[in-house]
Amino acid sequence: MATENESTTMSGVPVPFALVEPSAAGDKLGDRAKGASLMAAEMCIVHNCLIRGVNAIYIQCVNVATKGTEQDKLDFVGFASAWGRMIEEHHAIEETDVFPEINEITGVPGLMDANVEEHAVFHEGLSSFSAYIEKVKDGEEALDGDKLRGIIDGFMPALREHLEHEITTLVELDRYSDKCDWSAWFTKKGGEIASKGMKSSKYRSEVFPLAFCLHDKTFAGGIWASFPPIPYLATLVLRWLFMGTHKAWWRFAPCDLTSQPQKMPFA
């Protein structure tokens, strides 16, 4: 189980939005989750990547805007843009693929609708975030850290609540364990989604690296150190071919490309 300090700091820096603890999915180092709870634990990992990303943006944006060089600002906006794309794609895939299939498997139409409705609560705020970042990228607006924090403050409390609530929803799918081996299904589904994404060179170089630099293998005693579930040699090849394309972006992340905590340059 993560300590309060691990959940509310990154590299010793206090964060505005706490991580989701393994206990939310019933996952413990000495008593690992199974079935639907294991699926929920794996979703926890993804959700914590999303939270670490926005925390890194929030913590550093003011200092980047006021103290950074023009190149620092461009690289930072690249990092923020990649995070925005990651979370938008995550929710789109849930709504069009993952949730409908869960409804079908359980035989309960609309079972996951509450989660889709929660997406709608913060959708406008996320759109505002992405729109602002794109304007800064295109030179239409200057990077204003206070403005960016204001946009994040507008949607992130609802998003943070959703990211934890969804874990509870997945754990509760255990009641349908007679209809599905949820852990095996989620592993298969995750593989299919990743395979589709990897067909895009932009995904490989701009989004895929976030699975590494927003994941902390040391979190909660290393309970999720095996993520992402990619063979070591394949990881080396992907790191060499794609992850270095925007290496300057990833310096703003809380972890390096081996998922070890690193010092954020503008924290």
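Ser 11 sits in the loop between strand 1 (9-10) and strand 2 (13-14). In this predicted model, Ser 11 shows a positive phi of about 50°, even though the residue is not a glycine. Pro 228 belongs to the loop between helix 8 (210-213) and helix 9 (232-243).

On to the helix packing, starting with helix 2. Helix 2 (residues 35-67) packs against helix 5 (residues 145-171) at an angle of about 170°, and their axes lie 10 Å apart. With the antiparallel label starting over 145 degrees, helix 2 therefore counts as roughly antiparallel to helix 5. Sorted by class, the contact of helix 2 with helix 5 holds 21 nonpolar residues, along with 3 polar and 5 charged ones.

Helix 2 also packs on helix 3 (70-106). Here the angle is about 150°, with the axes 10 Å apart, so helix 2 and helix 3 are roughly antiparallel to each other too. The crossing of helix 2 past helix 3 is left-handed. As for the make-up of that contact, its residues split into 16 nonpolar, 4 polar and 3 charged.

Helix 3 has a further partner in helix 6 (182-197). The axes of helix 3 and helix 6 come within 12 Å and cross at roughly 150°, which means that helix 3 runs roughly antiparallel to helix 6. This time the handedness is right-handed, as helix 3 passes helix 6.

The largest pocket has a volume of about 1,200 Å³. A total of 39 residues line the largest pocket, and those closest to its centre are Val 46, Gly 190, Ile 193, Ala 194 and Phe 227. Helix 2, helix 3 and helix 6 each supply at least two residues of the lining. Helix 6 gives the largest share, with 10 residues. By class, the lining of the largest pocket comes out as 24 nonpolar, 7 polar and 8 charged residues.

Finally, there is an annotation to set beside the geometry. An unreviewed UniProt entry lists residues 72-170 as "domain: Hemerythrin-like".

Note on methods:
Residues numbered from 1 in each chain as written. Predicted model: local features only at pLDDT ≥ 70, side-chain atom pairs only at ≥ 80, totals over all residues. Heavy atoms only, no water. Axes fitted to C-alpha atoms, helices over the stretch in contact; angles between N-to-C directions. Helix = DSSP H or I, 4+ residues; strand = E, 2+ residues; numbered from the N terminus. Parallel < 35°, antiparallel > 145°, perpendicular 65-115°, else oblique. Nonpolar A, V, L, I, M, F, W, Y, C, P; charged D, E, K, R; others polar. 1 Å grid on protein atoms, 1.4 Å probe; cavity = no way out; pocket = protein on both sides within 12 Å on 5 of 7 lines; lining within 4 Å. Points joined across faces, edges and corners; volume = space filled by probe spheres on them. UniProt positions renumbered as here; feature names shortened; annotations may be inferred. Left-handed = near helix turned anticlockwise from the far one by under 90°.
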